[in-house]
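Q: Could you walk me through this one before I set anything up? I would like to go part by part.

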Amino acid sequence: MKNYFEQYLQNPCLNYNLAPFSKRMQEYYGAFIMIAIGLGLALILSNLQNILIRKRFTERKVMPYESGMDPVGTARDRFSIKFYLIAMLFILFDIEIIFMYPWAVQYKQLGIFGFIEMFSFVLILFVGYIYVVKKGGLDWN
Amino acid sequence: MLFNLNALITLELLLPITLTFVFIAIYALLGVYAERKIAAFIQDRVGPDEVGYKGTLQTFADILKLLQKEIIVPDSADKILFWLAPILIFASVFAGFAVLPFMHSEYYVNINLALLWVMTIVSIDVIGIIMAGWASNNKYSLYGSMRAVSQMIAYEIPLGFAILGVAVIYGTLNINQIITMQSIEGYTWGLWNTKNYGGFFLWSIFQHPHLLLIFLIFFTAGIAECNRAPFDIPEAESELIAGFHIEYSGFAFATIMLAEYANMLIISLLSVIMFFGGWNSPLPNLGNFFLYHWTNGGLFWSSFWLLTKSFLLIFIMMWIRWSWPRFRADQLLQFSWKVLLPASLTLVIFSVLWKLWLHP
């Protein structure tokens, strides 16, 4: 079974970009089935013992293992703000990377225009990065 | 109708998935054994030696032992998230294999956005890790998962920039096209015409010199993504016992370990695909010995070279693990944000300049 993308590779008369959404999604069907089967396999693997092995509960066994000490308090406590800051910076930079992927693929066609556009975008972002570094947003102590 | 099920659920689609899973499972079993033997060799020990010839059946014995264990769910744990986390971790890494080729033109899924697919789908396992850590209601696993997530998201940015540098050079994210380009282009470092020699001269790191630096960044960030030493602060055995998967036992634990070894394989396969010529032979033509043409193409040679190269990279990962001490958490994050990020951004800009003006 050839998907629409492979048909297009062999037959340039087909217009890939004007094809309906369902045809263009054909190439992803296999990947979606892979996700579904991966979920199923992991479900079977990680629940194998729940079926095979009889459970014996003891009070000590269901206690969280913290180096053999009795756990003090709960683990769901407040956490350092640094982690949230890192996560926010990650989102900023990751969105920037996602913006750059279509540009990178089309770069040869865009040429010098694409270069100047993206260079100014990266420059503005880099100024922001230097600001974060100078403010000590990435320091851990 | 979006899905035509009759056409889809065929042997053609199910067989590659089954083969991929069997391959990953066998690779993980042998990988654990290899890792223990390499560790033993580096530390001047014998390593596993009891079960089977020179301990070759040790991991099978370990799997049998894991199969006998019961899955203990802590009393105070969040039951649903605790149950869901290993499934999510494994499925996200397994889905990454959908677009990775094991042999020439024999694809399971051939999509244009293959590299982006791998990057996005594999990074979903960050969510699984934080679910595992939080649901366990164990201080060690919470610290482990917080460290793991902050590390993995920090190193994902250099990883993304490294892929971007390759995408700029080849103008595509399709793995098939990237590897084919590495058998067509023939100007080593833009200076010498080496098309007739073939072999390793055609690898992208020899075609474009800055890609060697991009590879180093990619590989470093990749090791950090796999949570392996020297970036194994999330799993630091001596401090956090095992980090986020401390409360997991039996096959739930085995699922997480399988996902980790599969993640290593994904990173090394991606390195081979983007930087080391994929399934193309590394042997150059020498005079009348057309080694490149003799050992290239065909199902056997393609998969042989692809897997040999990626197993060599996995060996280097294991070598690194047993040679360097682990970073401190603050050093680790600062290395990513203050060294790798500006370096990879600069290399992407250099890649752009190289593509536009410097390379013929």
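This is a predicted model: local features need pLDDT of at least 70, side-chain atom pairs count only at pLDDT 80 or more; totals for chains, interfaces and linings use all residues.

Q: Ok, over to the interface. How many residues of chain B and chain A are in contact?
A: On one side there are 90 residues of chain B, and they are in contact with 74 residues of chain A. The two chains bury about 7,500 Å² between them, with 73% of that area on carbon and sulfur atoms.

Q: Which three residues of chain B supply more of that area than any other three?
A: Those are Glu70(B), Lys139(B) and Trp337(B), which together supply 9% of the area that chain B buries against chain A.

Q: How many salt bridges and polar contacts are there between the chains?
A: The count of salt bridges between chain B and chain A is 0, while 8 residue pairs are found in polar contact across the interface, counting pairs in which both residues have pLDDT 80 or more. Helix 7 of chain B gives the most to the side that touches chain A, with 16 residues, and that side as a whole divides into 63 nonpolar, 15 polar and 12 charged residues.

Q: Switching topic, how is chain B divided?
A: Chain B is divided into domain 1, residues 1-68, and domain 2, residues 72-358. The contact between these domains takes 21 residues from domain 1 and 23 residues from domain 2. Taken over C-alpha atoms, the centres of the two domains are separated by 19 Å.

Q: How much area do those two domains bury between them?
A: Domain 1 and domain 2 of chain B bury about 2,000 Å² between them, and 82% of it lies on carbon and sulfur atoms.

Q: What about salt bridges and polar contacts there?
A: The count between the two domains of chain B is 2 salt bridges, and 5 residue pairs are in polar contact, with both residues at pLDDT 80 or more. Helix 2 (11-42) and helix 3 (58-68) of chain B each supply at least two residues of the side of domain 1 that touches domain 2. The largest share of that side, 17 residues, comes from helix 2 of chain B.

Q: Separately, what is the N to O distance in the salt bridge of Glu35(B) and Arg321(B)?
A: The side chains of Glu35(B) and Arg321(B) meet at 3.3 Å, N to O.

Q: Last topic, helix 8 of chain B: which of its residues are buried?
A: Helix 8 covers residues 175-184, and its buried residues are Ile175(B), Asn176(B), Ile178(B), Ile179(B) and Gln182(B). What covers them includes helix 5 (114-122), helix 7 (139-170), helix 9 (204-207) and helix 12 (250-275) of chain B.

Q: And what does a side-chain oxygen of Asn174(B) reach at the start of that helix?
A: That side-chain oxygen of Asn174(B) reaches to within 2.9 Å of the backbone nitrogen of Asn176(B), and Asn176(B) is itself one of the buried residues of helix 8.

Technical notes: Residues are numbered from 1 along each chain as its sequence is written. Chains are lettered from A and ligands numbered from 1 in the order in which they are written. Side-chain values use heavy atoms; hydrogens and water are left out. Buried means under 20% relative accessible area, exposed over 50%, partly exposed in between (1.4 Å probe, protein chains only). Helices (H or I, at least four residues) and strands (E, at least two) are DSSP runs, numbered from the N terminus. Contact means heavy atoms within 4.5 Å. A polar contact is a pair of N or O atoms within 3.5 Å; within protein, one must be able to donate a hydrogen and the other to accept it, and residues adjacent in sequence count only if both atoms are side-chain atoms. Domain bounds come from an automatic or database domain assignment. Buried area is the accessible area (1.4 Å probe) that two parts lose on being put together, summed over both. A salt bridge is a side-chain nitrogen of Lys or Arg within 4 Å of a carboxyl oxygen of Asp or Glu. Ala, Val, Leu, Ile, Met, Phe, Trp, Tyr, Cys and Pro count as nonpolar, Asp, Glu, Lys and Arg as charged, and the others, Gly among them, as polar.
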